[in-house]
Amino acid sequence: MAWPTQNRYVIIFNEPNHATEWEGYLNPASYARILKYTSQIFKNRSEDFFILPAGLDAAAPNGYGCLDLYTFISQMASAEPDVFDYIDGWNTHAYPNPGFSGNPYGQTPQSISGYRHELAYLKNFTAKDLPVFITETGWSSQRLSEESIAGYYQAAFNNVWNEEKIVAVTPFLFSAGDGPFTVFSFLRQNGEAKAAYQAVRNLAKTKGAPPLVQLPAVAQVLARQTITSLNHEEIKPALAKEKWQEIFMNLGKYIKL
């Protein structure tokens, strides 16, 4: 497939400090080996792949079926001492605990600024200065009013998540439809926007402008088709516009056949 942006962001699994997320058992060493191996595979294919580790559950205790985040990180490093040199950014699940209802100005490891504690701990294992990606966060409407949640999002974006180190914040979640995650959803089941949606929508934002990859004309054609259903009549004019040698030297950068 063709990637439109130069950075190809890839998250390697999800919350493996829960046994239910890792084939029913806890194994930080196994996850460390797989993370390192996966990073090598992607980087061998293209240096443009940007590797993020799984976000860990910062509220998980050491107990049956789960491991404390810091214990998990430590055991990863014990198994593979250089594992964190194989990532390009830090992925964090910055939930406002306890109970998904904490004040946005909380400073504990289980708060929405818990990534600061995580980065400080990571310094024991890597010299990399990692950018932060908050890929899950949100307040529960079981504990708070919709107006309170909207205010908390405003406070978080304006006063906590405004650090230059933070690349992205992707709240969980935009639309849950039905089920247990409706308490976090920005939209109701009927599609109506909640107060948090409007609050985030109205925030002043810096326009994103990621570097884009300019695909050769032939790659643009191939990206729209499968190898078994190529439209040769469409490919011919694309090939005519470009040098054959350049096409075949660079096509692998843009598309996997």
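**View A. P98 is found in the loop between β3 (90-93) and α3 (115-122).** The bond joining N97 to P98 is a cis peptide bond, with omega about 10°. Helices and strands here are DSSP runs, numbered from the N terminus: a helix is H or I over at least four residues, and a strand is E over at least two. The model is predicted, so local features need pLDDT of at least 70 and side-chain atom pairs count only at pLDDT 80 or more, while totals for chains, interfaces and linings use all residues. Residues are numbered from 1 along each chain as its sequence is written, and side-chain values use heavy atoms, with hydrogens and water left out.

**View B. A cis peptide bond runs from F172 to L173.** Omega for this bond is near 5°. L173 belongs to the loop between β5 and α5 (195-201).

**View C. E15 and E23 have positive phi values without being glycines.** For E15, phi is about 40°; for E23, phi is about 55°. E15 is found in the loop between β1 (8-12) and α1, and E23 is found in the loop between β1 and α1 as well. Are these residues buried or exposed? E15 is buried, with a relative accessible area of 12%, whereas E23 counts as exposed at 73% relative accessibility. Buried means under 20% relative accessible area, exposed over 50% and partly exposed in between, with a 1.4 Å probe and protein chains only.

**View D. Helix α1 (residues 28-45) crosses helix α2 (residues 69-79).** Two packed helices are described by the angle between their axes and by the distance between the axes. Here the axes come within 8 Å and cross at roughly 65°. An axis is a line fitted to C-alpha atoms, for helices over the stretch in contact, and the angle runs from 0 to 180 degrees between N-to-C directions. The crossing of α1 and α2 is right-handed: in a right-handed crossing the near helix is turned clockwise from the far one by less than a right angle, and in a left-handed one anticlockwise. From α1, residues P28, A29, Y31, A32 and L35 meet F72, Q75, M76 and A79 of α2. By class, this contact has eight nonpolar residues, one polar residue and no charged ones. Contact means heavy atoms within 4.5 Å. Ala, Val, Leu, Ile, Met, Phe, Trp, Tyr, Cys and Pro count as nonpolar, Asp, Glu, Lys and Arg as charged, and the others, Gly among them, as polar.

**View E. The largest pocket has a volume of about 580 Å³.** On a 1 Å grid over the protein atoms alone, a pocket is an open set of points with protein on both sides within 12 Å along at least five of seven lines; a cavity is a set where a 1.4 Å probe fits but cannot get out; and lining residues have an atom within 4 Å of a point. Grid points are joined across faces, edges and corners, and a volume is the space filled by probe spheres set on the points. The lining of the pocket has 18 residues, and F157, W161, V167, K205 and T206 lie nearest the centre. Both α4 (146-159) and β5 (166-169) supply at least two lining residues each. Which element gives the most to this lining? It is β5, with four residues. By class, the lining has eleven nonpolar, three polar and four charged residues.

**View F. The largest cavity holds about 80 Å³ of space.** The structure has three cavities of 30 Å³ or more. Residues that line the largest cavity include W139, S141, Y153, F184 and K194. The elements that give two or more residues to this lining are α4 and α5, and the largest share, three residues, comes from α4. By class, the lining has eight nonpolar, two polar and two charged residues.

**View G. A209 is found in the loop between α5 and α6 (217-223).** A209 is exposed, with a relative accessible area of 70%. The C-alpha atoms of A209 and T5 are separated by 9.7 Å, and these residues are 204 residues apart along the chain.

**View H. The whole chain has eight helices and five strands.** Along the sequence, the pattern is β-α-β-α-β-α-β-α-β-α-α-α-α. Of the 257 residues, 45% count as buried. Among contacts with a separation of 6 or more, 68% are between residues 24 or more positions apart.
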